[in-house]
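Student: I'd like to learn how to read a structure like this one. Could you walk me through it?

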Amino acid sequence: MSFLMQHLPMFLIAIPLLMAPLTILSKNYPGLQKALDIIVSIGLLALSGLLIYTVWNDGIIVYEVGEFGKYGIVLVADLLSSSMVVLSCLIGCMGLIYSYDYIESKSLNLTYHSLYNLMLAGINGIFLTGDIFNLFVFFEIMLLSSGALIVANETSKVTKISDKMEATMKYIVLNMLGSNAMLLAVTSLYASVGSLNMADIALKVRILADAGTMPWHMYAIGLLFIIVFAGKAAVFPLHYWLPDVHPTAPSPISAMLSGVIIKIGAYGILRVLFVIFAPLKGVYGPIILLLALITIGLGATAAIGQNDVKRLLAYSSVSQIGYVFLGFGMGAIALDAGEIAGGTLIVAASFVYLINHAIAKSMLFLTSGGIIHHADTRDMRKMGGMINSNPLMAFSFLVGAMSIGGVPPMGGFIGKFSLFDAGLRSAFYLPIAIALLFAFFTLFYMFRGWMLIFWGERDPQYGEYSHHKLSMLMVGPIMLLAALVFILGIFGNPILEIAQTIAMQITDPQPYIDAVLLRVIR
């Protein structure tokens, strides 16, 4: 047990990384391959729970990986990173189980398991690394594996392979441009401060700011990082890849994209805005606030006109990530104005919103897979009356719609109410008014979608629905995530408490810096 605890952060990256070649080697034994993968996935979820429990009780964990530079290469598990690892392992596990009955067996056995594990390793590495260059490296692992997973074939043949290839090309090209921009930002930052360790960089940037000697190009470097992470999160004007990728990606990969991968962009903004470039948050805060409001409005307005169920959910994700960034912008402005309590409260509310949206939207994308599987189309105009033939999908979609719309007692209500309340406490009346207006748009398009799919009767020209029953491998993960949506709404205090502690650690990064820089160096 002591060995496990000693190397816990590394296990969360190394295990899925090692599973990637192992699942390739066992491709001739599909049963063994699936059994190994699901055992490892559940094990990773358990390890992530153990990590956040340890961090909550014992404080920040710093794990030394290798010697490079003054402070070496480190993994750092604070409450923010360990919470995000729990989120990725949870949704990753649910998506994997769902995939067993959703992905075509040939794709599943040959490459899917391996790529899925590489994606999880990259995601966990992004959240746990304390080194800015390795953040870039893990981004590349995540990007290439998730890009390849978009073209995996489903058992349902609704999506053309040509559409998959076009969407994958957009995803890869835009993200590669973002990767080049990130590499430029990393090298420029290293040339400026002589370090790749995020805690060390944060300390040096603060020293430059306190001395009044901040060079002009540091502002440009910080802005470049924000552009990169905004692109990962699908924030306007870098949002256009998401609505094309979601309809063509397999539903479990859509769940990972919306539930976890775009949240990586939000995580990156938190690290850049409030830790690495904390003295410059007053400069970047208004920019993020403006882009967030445009993103909210654009995503919500576009979602209203969609007839493709997955495209509807994709534009909804664009709009909803705007609410998360709205909190970041308001929090940065409030903190820069000296409103420590108000700014911290806003950042905490943003994190609550992020978690609730991740769970509800990943559940909705898994539900959309069941709907498509049942209707053999993504076009909601060709559906109708599915509540009679598939009541479980009707229930789960309704739960997700209520949560995304902010209807009690769902978790999404806690997120929206917390964010609006925190914003009003700090006198952000106009941004909250705009966000509230588009919250009504959200209610409209989500319940319009539910009515088109489940209410009324299906037009006879489209024939009867498929009589193929959804297996427990598909229904189980959906029901578990739906239950979590309820639990987070009814018992919201634990997540609110964790979010408040995370916000305090983010807005005051000194404990993070001390944990990394004051440890005994090998």
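Student: Leaving aside neighbours within four places in sequence, which residues is F225 in contact with?

Tutor: First, a word on the model: it is predicted, with local features needing pLDDT of at least 70 and side-chain atom pairs counting only at pLDDT 80 or more, while totals for chains, interfaces and linings use all residues. Residues are numbered from 1 along each chain as its sequence is written, and side-chain values use heavy atoms, leaving out hydrogens and water. Contact means heavy atoms within 4.5 Å. By that rule, F225 touches I132, M182, A185, V186, L189, V272 and F277.

Student: How do I read two packed helices, say α11 and α13?

Tutor: Two packed helices are described by the angle between their axes and the distance between the axes. Helices are DSSP runs (H or I, at least four residues), numbered from the N terminus. Axes are lines fitted to C-alpha atoms over the stretch in contact, and angles run from 0 to 180 degrees between N-to-C directions. Here the axes of α11 (residues 251–276) and α13 (residues 309–336) come within 11 Å and cross at roughly 15 degrees. Angles under 35 degrees count as roughly parallel, over 145 as roughly antiparallel, so α11 and α13 are roughly parallel.

Student: And how do α14 and α17 cross?

Tutor: The axes of α14 and α17 (residues 411–425) come within 8 Å and cross at roughly 160 degrees. That makes α14 roughly antiparallel to α17. Among the α14 residues that meet α17 are L345, A349 and Y353.

Note on methods
Parallel < 35°, antiparallel > 145°, perpendicular 65-115°, else oblique.
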